[in-house]
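Here is a short report on one structure. Look at the ligand site before moving on to the pocket and the charged pairs.

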Amino acid sequence: MSFITLENVSMTYGSNGTRTTALSGVSLSIGEGEYAVITGESGSGKSTLLCLLGGLQLPTEGRISISGTDLSTFSADNLAGFRGRTIGFVFQAYHLLPYLTARENVMVPMAIDKKSSREKIERAYTLLESVGLSGKEERLPSQLSGGECQRVAIARALVHDPPILLADEPTGNLDSATGDQILDLFSKLHGAGKTILMVTHNRWNIERGTRSVLLRDGRIAEDNPLRPVHRASRPAVPAQAGG
Ligand SMILES: Nc1ncnc2c1ncn2[C@@H]1O[C@H](COP(=O)(O)OP(=O)(O)OP(=O)(O)O)[C@@H](O)[C@H]1O
Ligand SMILES: [Mg+2]
C-alpha cells in the first residue's frame, strides 16, 4: 500500500517578478517501511519536497496524502496535531534551543501532552539513552559535540513515536565518521519500522536506503529501487490520526 503519495505536486514561491518554481508536477508514491534517499543539486527542490511532505507548507498545485488522508483537508490545528503524531523532523542544523539542556530540548514537543512531568522526564531519559546519550542529559547544546547535538534532535523527533521520519541533510554539518554514526542510527530506526525520507548531498549515503530518488530542476529525474522494503510490524499511523 502506498503510505505517502504526491500527485502532480507543484510549488511556486513568490509572485510575478520573483516567481521561483521549486517543484513542478512531482508524482511520487512511498510505501510503508521504505527508506528513500533524496539527492539532487542545490536548488533542485529537495527541502521544498520535505516541507510539503511534512505539511509545513501547502503545495500551489497537486495533492499530498499520508495514509490516505489528503493534507489539504486538515484545519491548521488538526494538521499540527497530525504532524506531531505522524512525522518527526531532523534538520542539518539540529535546531536545538541553546539555553535548554538535552533533556529539556527533548521535552519541548511534550509541552502540551497530558502526562506528569515525571513521566515526561522519564520519556526524555529513555529516548536519550536510545540514541546513546546516557549521562549527558543535563548538558547544554554548547557542551555537546555536533554528532551529540544531532542525536538530541533525533531523540526529540521520536518523542511521539512517529511512523515517518523526514531528515534534511542530517549529516551535513558532521565529519564523515560522526555522520556515519548518525546514519547507523537512522538504519536502526528503519529496522525498527520507521518510514524514512532523507535528503543528502553525499552519494555514498544512498546505499543506506531502499530507494533512491534524484531531483533535477524540481522534477524527478531518477527513481530507483535499491533493495526490498522492510515490512513494518506496527500500525502505520497512530489510531487517533486523521482528524
Ligand atoms: N521560501 C522561499 N522563497 C522563495 N524561493 C524559495 C524559497 N524556498 C526555496 N526557494 C527556491 O526554490 C528552489 C528549491 O529550493 P530548495 O530549498 O527546495 O532546494 P534544495 O534542493 O533543498 O537545495 P539545497 O541543496 O541548497 O538545500 C530554489 O530555487 C530556491 O531558491
Ligand atoms: Mg535544502
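## Ligand, pocket and salt bridges

His 201 has a polar side-chain atom 3.5 Å from an oxygen atom of ligand 1. Note that this is a predicted model. The table sets out the distances.

| Residue | Part of the residue | Distance to an oxygen atom of ligand 1 |
|---|---|---|
| His 201 | polar side-chain atom | 3.5 Å |

How much of ligand 1 does the protein cover? On its own, ligand 1 has 630 Å² of accessible area, and the protein covers 59% of that.

The shell around ligand 1 also includes Tyr 13, Thr 20, Ala 22 and Glu 41. By type, the shell holds 8 polar residues, 2 nonpolar and 2 charged. Strand S2 (20-31) and helix H1 (46-53) each give at least two residues to this shell. The largest share comes from H1, with 3 residues.

Now turn to empty space. A probe the size of a water molecule, rolled over the atoms, shows where such space is left. The largest pocket holds about 380 Å³. It is lined by 15 residues, and those closest to its centre are Gly 84, Ile 87, Gly 88, Phe 89 and Pro 109. Helix H2 (76-86), strand S6 (87-91) and helix H5 (146-157) each give two or more residues to the lining. The lining divides into 9 nonpolar, 4 polar and 2 charged residues.

Charged pairs come last. Side chains of opposite charge can pair when their charged atoms come close. The model has 9 salt bridges. One of them joins Glu 7 and Arg 63, with the closest N and O atoms 3.0 Å apart. This pair links distant parts of the chain. Glu 7 sits in strand S1 (residues 2-13) and Arg 63 in strand S4 (residues 61-66), 56 residues apart.

Methods. Residues are numbered from 1 along each chain as its sequence is written. Chains are lettered from A and ligands numbered from 1 in the order in which they are written. This is a predicted model: local features need pLDDT of at least 70, side-chain atom pairs count only at pLDDT 80 or more; totals for chains, interfaces and linings use all residues. Side-chain values use heavy atoms; hydrogens and water are left out. A residue is near a molecule or strand if one of its heavy atoms lies within 4 Å of it. A polar contact is a pair of N or O atoms within 3.5 Å; within protein, one must be able to donate a hydrogen and the other to accept it, and residues adjacent in sequence count only if both atoms are side-chain atoms. Accessible areas come from the Shrake-Rupley method with a 1.4 Å probe; for residues, only the protein chains shown count as cover. Helices (H or I, at least four residues) and strands (E, at least two) are DSSP runs, numbered from the N terminus. Ala, Val, Leu, Ile, Met, Phe, Trp, Tyr, Cys and Pro count as nonpolar, Asp, Glu, Lys and Arg as charged, and the others, Gly among them, as polar. On a 1 Å grid over the protein atoms alone, a cavity is a set of points where a 1.4 Å probe fits but cannot get out, and a pocket is an open set with protein on both sides within 12 Å along at least five of seven lines; lining residues have an atom within 4 Å of a point. Grid points are joined across faces, edges and corners, and a volume is the space filled by probe spheres set on the points. A salt bridge is a side-chain nitrogen of Lys or Arg within 4 Å of a carboxyl oxygen of Asp or Glu.
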